[in-house]
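The sequence and structure are shown first.

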Amino acid sequence: MKKYTDTGKKDTRSGFGDGLTELGKKNEDVVALCADLTGSLKMDDFKKNHPERFFQVGIAEANMIGMAAGMTIGGKIPFTGTFANFSTGRVYDQIRQSVAYSGKNVKICASHAGLTLGEDGATHQILEDIGLMKMLPGMTVINTCDYNQTKAATIAIADYEGPVYLRFGRPKVANFTPEDQNFQIGKAVLLQEGADVTIIATGHLVWEALQAAETLFEKGIHAEVINIHTIKPLDDEAILKSVKKTGCVVTAEEHNFLGGLGESVARLLSTQHPAPQELIATQDTFGESGTPEQLMDKYGLNASAIVNAVNKVIARK
Amino acid sequence: MADYKALEDLVIQVRRDILRQVHKVNSGHPGGSLGCTEFFVALYNEILERKDSFAMDGKDEDIFFLSNGHISPVFYSVLARSGYFPVSELNTFRLLNSRLQGHPTTHEGLPGIRIASGSLGQGISVSIGAALTKKLNKDNHLVYTLCGDGELQEGQNWEAIMYAAGNGVDNLIVTVDLNGQQIDGSTDNVLPMGNIKAKFEAFGWDVMDIENGNDLKAVISGMKKAKEKTGSGKPICVLLHTVMGNGVDFMMHTHDWHGKAPDDQQLENALSQNPVTLGIISPTPSPSIRIYP
């Protein structure tokens, strides 16, 4: 079995910040807007290097989204930055009308997604954002798994014409994908081949899926592990190919089971190739205060939960 | 020097277009559209430095955004009569498969429209973004937007108003259609906004009034004055005092016609108050549009 090495824990939001800094140097059309969370979004370097292209909008997210939409008229590529909760739910109508319906080339970049904002609690966490964004016609939805992938994705979306929601987290997590990866929007990454079960994971759960696969391998179960960094458009082909081989699937995400990746996969399988599926996700609940590890454990979003789900789904084959 | 006779004729024609569009589909917003007719005619004929062909990026020309998208009938009429699309297409307003959606959208690719609007309160933000891009592009042209007075009840406006003044967005002219009416009644009854002029000034804007927003000459000279005020470090707010439903006696000075279409007899009456100037709009629909019986 292929082994993945954590080259040193890093936060995905730093991948965003470093990607943005690199973009600032190579693409003069890239502009950045932030709603009073420059440090949290790791946008300081961009601000320092390109003060004329950095826009501090204050605690006014609706105005930020509208301004970003307007800045595309004349050719700029705006990257907005705030927490995932304030990037989506708070400004849903602004994104819907001024960005998505108007087809504007805005990159909505959201940190602190899911539960991992930890101690701040439910008001600052969001477990519904993937659903909100994927339901918007024309919106691309990306949820990256580690520092390297977030950096690569940040750079890649600048070259893609159209609205994008880029979602990443707060804590330091394993950094295991290649530094020089070719990030292709909408293209699943096959991390591990296997014949018994397909584990489809996104974001922070990809590393957990790899850990689960190792545990399962020791018990003689060969799991295929797929990293879905782009939830919309979904790589239907890669998922169907794998599930046709393994006959069952576990999806894993730091999001509500309603509206998330699991539901997208269920929709695909139910219409193309029905197969047993288990969903690792939160069960229609808000979050709460706690350390990220405690929360992931309490809400069943870790390697051991994935192993249990695999055992359940294989029994249903 | 403007040919005021020709422009006055155009004003009457635009009123006819508004009435006919709304009557044909028995829906839409004639009141605010009629109130802003002189403004739109002035803007597209005398104020905007614009190119005849439409480009979404609006580079090297002035840009206008309509924030209160429900007054689409006046916007569509003036865009068509400015050459952006065939006048005959006004016949498709609000019909299935039309580019003239009830509220303006970029989605259908109608030339002249650079942002969707209808959900209120977003236009000033978008305009600030476009104005900042003009500055980055070293493009000295201006950005204009129109919003309704009732629309200022949306909180996002005040985020934007605060930003524009705080950051010296001085290539922006925001016009507020001050007609004192909204769907449920007068703005004073629905949600009093107090002194709008004082509010803009307190936020740091350069504010001016056009006392008679339904007098074409007053609108043209007022907007020219607003233009002269740009570039001084402050964003410009023009308070355009209009009468909702202007030009049709039974629609004036009331919110009753905010979002209601005239019946056959009312249409005839309204059109008779605005006799033909440029000829009635063609009854032939655009070939790309299928109209079902």
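**Parallel strands in chain B**

Two strands pair if DSSP finds at least two bridges between them; strands (E, at least two residues) and helices (H or I, at least four) are DSSP runs, numbered from the N terminus. In chain B, strands S6 (residues 206-210) and S7 (residues 236-241) run parallel and are joined by five bridges. Asp209(B) has Leu239(B) as its bridge partner in S7(B). Between S6(B) and S7(B) the chain passes through helix H9 (residues 216-229) of chain B in a right-handed β-α-β crossover, a term meaning that, with the strands pointing away from the viewer, the path from the first strand over the helix to the second runs clockwise.

**Basis of the model**

The model is predicted: local features need pLDDT of at least 70, side-chain atom pairs count only at pLDDT 80 or more, and totals for chains, interfaces and linings use all residues. Residues are numbered from 1 along each chain as its sequence is written, chains are lettered from A and ligands numbered from 1 in the order in which they are written, and side-chain values use heavy atoms, with hydrogens and water left out.

**Aromatic pairs**

Over all chains, the whole structure contains 17 aromatic pairs (rings of Phe, Tyr and Trp, the last by its six-membered ring, with centres within 6.5 Å; planes under 30 degrees apart count as stacked, over 60 as edge-to-face and the rest as tilted). The rings of Phe64(B) and Phe75(B) are edge-to-face, because their centres are 5.6 Å apart and their planes stand at 80°. Phe64(B) is buried at a relative accessible area of 2% (buried means under 20%, exposed over 50%, partly exposed in between, with a 1.4 Å probe and protein chains only). Phe75(B) is likewise buried, at 3%.
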